[in-house]
Amino acid sequence: MPEQGAGTGSAGPDASGLAAAVRTALGRVLDPEIRKPLTELDMVGEVSVDSFGAAAVDVRLTIVGCPASATIERDVRAATLGVPGVSSADIRLSVMTREQRNALTERLRGPGGARVMPFGPDSLTRVIAVTSGKGGVGKSTLTANLGVALAADGLRVGIVDADVYGFSIPGILGLTVDGVAVKPTRVDDMILPPVGFGVKVISIGMFVDDNAAVAWRGPMLHRTIQQFLTDVYFGDLDVLLLDLPPGTGDVAISVGQLLPHAEVLVVTTPQPAAADVAERSGVVARQTGQTIVGVIENMAGLVAPDGSLLEVFGTGGGEEVARRLSAVQDARVPLLASIPLSVALRAGGDVGAPIVLTDPDDPAAAAILRVAAALAARGRGLAGRRLGVTPT
């Protein structure tokens, strides 16, 4: 039975006026995956309202079994019932035809729906690769929390989990069900990334079954990263973060080839051994033309109950990496933050609840938020980029 709203058929404009008002209201309903209005995506079909205020709305989903169908139906119903004069809402779900899907793909990708990599040198999206010399330094946790912090600040953010062998971003951002990463929606050859805490995410973990191990050689790794950058529809992003695997292997080289203009954040821990290998990852980034924008020192110390700092992993590694990379780059590389050890940070990653949202006053969260604010303040530069306009 159609759900009842607060309005009555006797109040407000006539039926045709109400139908127009409902369509206008639906223009504010976003597709949860594409993050654009349903009306702009041509997902809203016929809208009618009878003389009693009973509304009927046809909604075209992108594919059969669309994982966002329940959310779309709920949001459309709420928007329809929110129109004064509408007394009930009957939401009728159907699926786009192939021709309608092709039109949608072309609308999103541009004329012809060509598969192109949208993050080239002329893109206004800031591409930031997060790298480390060795594993276990908390790089993925930092990447995920930085993405969430930037999104909470109003930026449009995407994350490519390029750590193909050790993918963990879906779990950190709560994009798992019973320990298995949620699957992205496919519209023909276009992939719509799941959204966690306002961040669009793609990961190889979303394509393997039952958390299976990935054992691939270089060429397949390169094709995977290239597909993530080409076939995944992120839309217009302010920032794209890439969580790279540790070290200087195939993925780091592929990212350098595909995105030579990317900025690089180097993550290390305070101990000298970690600093040595972190420097190497930064050197590889410089060899491909990328710019190192800063160093983050993680696990910098544990704050004891009496307020003292227990330096479990030593001290000074972050400053040393920043000093060495400044010499390699012939420009100062700043130490952006020293993030203390935090039980809450670790626990939040385990349960998919980013600490920058759940406990922003935690010392680790506060440090990550300062890094996010510093990155956001840099903005999207226009220097040296084509603007697509011709002077007259």
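This is a predicted model: local features need pLDDT of at least 70, side-chain atom pairs count only at pLDDT 80 or more; totals for chains, interfaces and linings use all residues.
## About the model

Local features need pLDDT of at least 70 and side-chain atom pairs pLDDT 80 or more, while totals for chains, interfaces and linings use all residues. Residues are numbered from 1 along each chain as its sequence is written, and side-chain values use heavy atoms, leaving out hydrogens and water.

## The chain as a whole

The protein chain has 12 helices and 17 strands; these are DSSP runs numbered from the N terminus (helices H or I, at least four residues; strands E, at least two). Of its 392 residues, 50% count as buried. Here buried means under 20% relative accessible area, exposed over 50%, and partly exposed in between (1.4 Å probe, protein chains only).

## Helix α1

Let's look at one helix. In α1, the buried residues are L18, A19, V22, A25 and L26. They cover an arc of only 120° around the axis, which puts them on the same side of α1; the arc is taken from the directions from the helix axis to the C-beta atoms. Exposed S16 and T24 sit on the face turned away from that buried side.

## Salt bridges around D188

The structure holds 17 salt bridges, each a side-chain nitrogen of Lys or Arg within 4 Å of a carboxyl oxygen of Asp or Glu. D188 pairs with R101 at 3.7 Å, N to O. R101 lies in helix α3 and D188 in the loop between β9 and β10, so this pair ties together parts 87 residues apart in sequence.

D188 also meets R98, at 3.9 Å, N to O. R98 is exposed at 51% relative accessible area, whereas R101 is buried at 14%.
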